[in-house]
Amino acid sequence: LPKFESMPKKARQKRKAKKAKATEEEKLLDDNPVGLKEEGIKAFKVGNVKKANAFFTKAIETIMSQKAEKRDTSLHLALLSNRSACFIEQHKFKNAADDADTCISIDTKWPKGYVRRGIAY
(Lines give C-alpha, C1' and ligand atoms only; values in the text may rest on other atoms or scores of the structure.)
Protein backbone atom coordinates (compact mmCIF):
# COMPACT_ATOMS: atom_id res chain seq x y z
CA LEU A 1 0.00 0.00 0.00
CA PRO A 2 1.21 3.56 -0.68
CA LYS A 3 2.22 5.63 2.30
CA PHE A 4 -0.53 8.06 3.31
CA GLU A 5 0.65 11.59 3.95
CA SER A 6 -1.68 13.92 5.76
CA MET A 7 -0.14 17.04 4.28
CA PRO A 8 1.58 17.78 0.97
CA LYS A 9 5.37 17.96 1.14
CA LYS A 10 5.49 21.70 0.39
CA ALA A 11 3.02 22.45 3.17
CA ARG A 12 5.06 20.36 5.64
CA GLN A 13 8.26 22.16 4.65
CA LYS A 14 6.56 25.54 4.99
CA ARG A 15 5.22 24.64 8.44
CA LYS A 16 8.64 23.38 9.55
CA ALA A 17 10.34 26.58 8.34
CA LYS A 18 7.77 28.73 10.14
CA LYS A 19 8.30 26.79 13.37
CA ALA A 20 12.08 27.10 13.05
CA LYS A 21 11.76 30.85 12.48
CA ALA A 22 9.59 31.23 15.58
CA THR A 23 12.10 29.29 17.66
CA GLU A 24 14.92 31.44 16.29
CA GLU A 25 13.06 34.63 17.20
CA GLU A 26 12.45 33.31 20.73
CA LYS A 27 16.18 32.63 21.13
CA LEU A 28 16.98 36.17 19.99
CA LEU A 29 14.56 37.58 22.55
CA ASP A 30 16.02 35.50 25.39
CA ASP A 31 19.07 37.73 25.74
CA ASN A 32 17.49 41.00 24.62
CA PRO A 33 15.64 42.79 27.43
CA VAL A 34 14.64 45.66 25.12
CA GLY A 35 12.98 43.23 22.69
CA LEU A 36 11.28 41.43 25.57
CA LYS A 37 10.00 44.77 26.87
CA GLU A 38 8.56 45.64 23.46
CA GLU A 39 6.84 42.27 23.21
CA GLY A 40 5.46 42.75 26.72
CA ILE A 41 4.06 46.15 25.80
CA LYS A 42 2.41 44.70 22.69
CA ALA A 43 0.84 41.90 24.72
CA PHE A 44 -0.36 44.33 27.40
CA LYS A 45 -1.95 46.64 24.81
CA VAL A 46 -4.06 43.81 23.38
CA GLY A 47 -5.10 42.68 26.85
CA ASN A 48 -2.90 39.62 27.21
CA VAL A 49 -1.67 40.61 30.66
CA LYS A 50 -0.40 37.16 31.63
CA LYS A 51 1.83 36.99 28.54
CA ALA A 52 3.00 40.58 29.06
CA ASN A 53 3.92 39.74 32.65
CA ALA A 54 5.96 36.77 31.43
CA PHE A 55 7.86 38.95 28.94
CA PHE A 56 8.59 41.60 31.57
CA THR A 57 9.70 38.96 34.08
CA LYS A 58 12.06 37.37 31.55
CA ALA A 59 13.51 40.79 30.70
CA ILE A 60 14.03 41.58 34.41
CA GLU A 61 15.75 38.22 34.90
CA THR A 62 18.00 38.98 31.92
CA ILE A 63 18.94 42.37 33.35
CA MET A 64 19.54 40.94 36.81
CA SER A 65 21.93 38.37 35.34
CA GLN A 66 24.13 41.20 34.08
CA LYS A 67 26.86 42.71 36.22
CA ALA A 68 25.58 45.63 38.30
CA GLU A 69 27.79 48.21 36.58
CA LYS A 70 26.50 47.13 33.14
CA ARG A 71 22.77 47.27 33.96
CA ASP A 72 20.61 49.86 32.26
CA THR A 73 18.89 51.39 35.29
CA SER A 74 16.18 53.23 33.37
CA LEU A 75 15.27 50.04 31.47
CA HIS A 76 15.22 48.08 34.73
CA LEU A 77 12.90 50.67 36.29
CA ALA A 78 10.59 50.66 33.27
CA LEU A 79 10.36 46.87 33.32
CA LEU A 80 9.58 46.75 37.04
CA SER A 81 6.98 49.47 36.61
CA ASN A 82 5.40 47.67 33.64
CA ARG A 83 5.31 44.37 35.50
CA SER A 84 3.76 46.17 38.46
CA ALA A 85 1.01 47.41 36.12
CA CYS A 86 0.44 43.82 34.99
CA PHE A 87 0.13 42.67 38.60
CA ILE A 88 -2.38 45.47 39.25
CA GLU A 89 -4.48 44.32 36.27
CA GLN A 90 -4.37 40.78 37.66
CA HIS A 91 -5.37 42.03 41.14
CA LYS A 92 -2.07 40.77 42.59
CA PHE A 93 -1.57 43.89 44.63
CA LYS A 94 1.16 42.55 46.93
CA ASN A 95 3.34 41.69 43.91
CA ALA A 96 2.57 45.08 42.36
CA ALA A 97 3.57 46.86 45.55
CA ASP A 98 6.79 44.82 45.79
CA ASP A 99 7.83 45.85 42.25
CA ALA A 100 6.87 49.46 42.96
CA ASP A 101 8.93 49.44 46.16
CA THR A 102 11.88 48.01 44.23
CA CYS A 103 11.56 50.89 41.74
CA ILE A 104 11.57 53.40 44.59
CA SER A 105 14.59 51.76 46.24
CA ILE A 106 16.54 51.95 42.96
CA ASP A 107 15.59 55.55 42.18
CA THR A 108 13.59 57.67 44.63
CA LYS A 109 12.83 60.15 41.82
CA TRP A 110 11.15 57.57 39.55
CA PRO A 111 7.51 58.79 39.59
CA LYS A 112 5.87 55.62 38.28
CA GLY A 113 7.18 53.71 41.29
CA TYR A 114 5.06 55.92 43.55
CA VAL A 115 2.06 55.81 41.21
CA ARG A 116 2.09 51.99 41.04
CA ARG A 117 2.61 51.77 44.80
CA GLY A 118 -0.35 54.06 45.44
CA ILE A 119 -2.61 52.01 43.16
CA ALA A 120 -1.43 48.75 44.73
CA TYR A 121 -2.39 49.95 48.23
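In this predicted model, the crossing of α2 and α4 is left-handed. Helix α2 covers residues 33–45 and helix α4 covers residues 73–89; their axes come within 11 Å and cross at roughly 25°. Angles under 35 degrees count as roughly parallel, and α2 and α4 are therefore roughly parallel to each other.

On the α2 side, the contact is made by Pro33, Val34, Lys37, Ile41 and Phe44. These meet Leu75, Ala78, Leu79, Asn82, Ala85, Cys86 and Glu89 of α4. By class, the residues of this contact are nine nonpolar, one polar and two charged.

Helix α4 also packs against helix α6, which spans residues 111–120. The α4 and α6 axes lie 10 Å apart, at an angle of about 15°, so these two helices are likewise roughly parallel to each other. The crossing of α4 with α6 is left-handed.

Here Ser81, Ser84, Ala85 and Ile88 of α4 meet Lys112, Arg116, Ile119 and Ala120 of α6. The contact of α4 with α6 holds four nonpolar, two polar and two charged residues. Ala85 of α4 takes part in the contact with α2 and in the contact with α6.

| Helix pair | Axis distance | Axis angle |
|---|---|---|
| α2 and α4 | within 11 Å | roughly 25° |
| α4 and α6 | 10 Å | about 15° |

Conventions: Residues numbered from 1 in each chain as written. Predicted model: local features only at pLDDT ≥ 70, side-chain atom pairs only at ≥ 80, totals over all residues. Heavy atoms only, no water. Axes fitted to C-alpha atoms, helices over the stretch in contact; angles between N-to-C directions. Helix = DSSP H or I, 4+ residues; strand = E, 2+ residues; numbered from the N terminus. Parallel < 35°, antiparallel > 145°, perpendicular 65-115°, else oblique. Left-handed = near helix turned anticlockwise from the far one by under 90°. Contact = heavy atoms within 4.5 Å. Nonpolar A, V, L, I, M, F, W, Y, C, P; charged D, E, K, R; others polar.
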